[in-house]
Amino acid sequence: MNKIFTSAEVAHHNKESSCWVVLYGKVYDDKVTHFLSSHPGGSQAILRVSGRDATDDFDPIHPPETMDSIQSALIGSISLDEKPSCATQTKDIVGEIDVNTLLNLDEIEKAATNVISKKAWAYYYSAADDKTTKDFNTQVYRSLLLRPRVFVDCRRCDVETELLGWKVGLPIYVSPTAMARLGHPSGEAGIAEACGAFGALQIIANNSSLSPEQVVAKALPTQVFGWQLYVQLDRRASEAMLARVNRLDAVKFVVLTLDAPVSGKREDDERINVQSNPAGSVSAQLFAGTDPSLTWNETLEWLSRHTKKPIILKGLQTHEDVVIAARYTPLVRAVILSNHGGRSLDTAPPAVHTLLEVRKYCPHVFKKMEVWVDGGIRRGTDVVKALCLGAKAVGIGRPALWGLGAVLLDETKTCMRLLGATTVDDLGPRYINSSIVEQQIYRTPTDIDDEGALVCKGKL
């Protein structure tokens, strides 16, 4: 029997002993309370939306398959006289703005900011504390100077490359960026479609608002995907997801993220949600179930038992950790130098600093594994500079969410032509002057034992 409820009737059930919620016009009763102890966002994530329509909070964060697990709690519908919430409603940017007039990623971001919801803006834009690291991620590239060569036939410019042995159309990949449906209903599947058009690699976020199966469903046979893993306190949940990912041929590797064992203090996200969203900040909900107790030997041994796909470690921020990671090859095939887009620890170093540390103190690493970087990429010149310093690939996060087009690819090709390089393999340190930035990097090389303990050389 499909009973009809009014909002007033539902509103009385707003506590743990009687917890009702409305999702997509349907009413779910006390049976949802069994999720309180196991919900990744913690019990407050459900209790704060009890007694009301929670669609706008639920829809962009949870893959549709989540609904299957709560169908036993369905008891009726909300009154038709009370219009249900409709999440992820975003204005049509194409209808309001001529996208052909947007000439760079900053302009694309500004245009997108004007049409997405405040909740989406706060989650995407936010960074830790004073945003020092977020801002420096971009600024540091301005201090790297290019050294162009002339009398080079640059009619042809080939940006194709190989990552972990798979051919891709360009050395720019999409970093794992959660909750893409906060900005647009197509979410991560829309990003996958764009990647297919450019031949770009995409890493699917652990906290994607679509399931990995949905993201790759319409992918081209040649597309390359990775899947990001945040290890959960409930290891069985992570193992179940790994089992699903293992069955997806399109997903070629697993990316273990290490730079966010807990959420950073993202004040824009917190402020918007404190003011307008009783469910709390998006970041707090996503990280509530993350395991902060990972260690080199235990975690990598556990992961190797649950997937045979290549493993990439994301979030390394010192040359010491890169050296340790290299000792785990061939289990670990690559590392991503990243500070989580400045969203974790403020005043942590930009990836360029870590890349220069690796070049200075442990250059042998480049021969043992691939080194990727992300964070702060706003121009094609930034891409080229990172590649010149030894990065094999360059990741973009927020730009893909704001709306990635051909802008970054065209800028990269233009930069390479003006530099006198016609292929990605041509790029190297001879094309770049990094003297200014080298003065800023860490200056005390260290010896490292297998567990990561540091033994300093010389005086501190």
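Analyst: In this predicted model, Asp129 has a relative accessibility of 34% and therefore counts as partly exposed, since that class lies between the limits of 20% and 50%. Asp129 sits in the loop that links α6 (118-125) to α7 (132-142), and its phi is near 50 degrees, a positive value in a residue other than glycine.

Leu164 is a further residue other than glycine with a positive phi, here near 55 degrees, and it belongs to the loop between β8 (161-163) and β9 (166-168). With a relative accessible area of 7%, Leu164 is buried, because the cut-off for that class is under 20%.

Another backbone feature is the cis peptide bond that joins Thr329 and Pro330, for which omega is about 5 degrees; Pro330 is placed in the loop between α14 (319-326) and β15 (332-337).

Turning to helix packing, helix α17 (residues 380-388) and helix α19 (residues 407-419) pack with their axes 7 Å apart and at an angle of about 60 degrees, so α17 and α19 are oblique to each other. The crossing of these two helices, α17 and α19, is right-handed. On the α17 side, the contact is made by Gly380, Thr381, Val383, Val384 and Cys388, which meet Leu408, Glu411, Thr412, Cys415, Met416 and Leu419 of α19. By residue class, the contact of α17 with α19 comprises seven nonpolar, three polar and one charged.

Note on methods. Residues are numbered from 1 along each chain as its sequence is written. This is a predicted model: local features need pLDDT of at least 70, side-chain atom pairs count only at pLDDT 80 or more; totals for chains, interfaces and linings use all residues. Side-chain values use heavy atoms; hydrogens and water are left out. Axes are lines fitted to C-alpha atoms, for helices over the stretch in contact, and angles run from 0 to 180 degrees between N-to-C directions. Helices (H or I, at least four residues) and strands (E, at least two) are DSSP runs, numbered from the N terminus. Angles under 35 degrees count as roughly parallel, over 145 as roughly antiparallel, 65 to 115 as roughly perpendicular and the rest as oblique. A crossing is left-handed if the near helix is turned anticlockwise from the far one by less than a right angle, and right-handed if clockwise. Contact means heavy atoms within 4.5 Å. Ala, Val, Leu, Ile, Met, Phe, Trp, Tyr, Cys and Pro count as nonpolar, Asp, Glu, Lys and Arg as charged, and the others, Gly among them, as polar. Buried means under 20% relative accessible area, exposed over 50%, partly exposed in between (1.4 Å probe, protein chains only).
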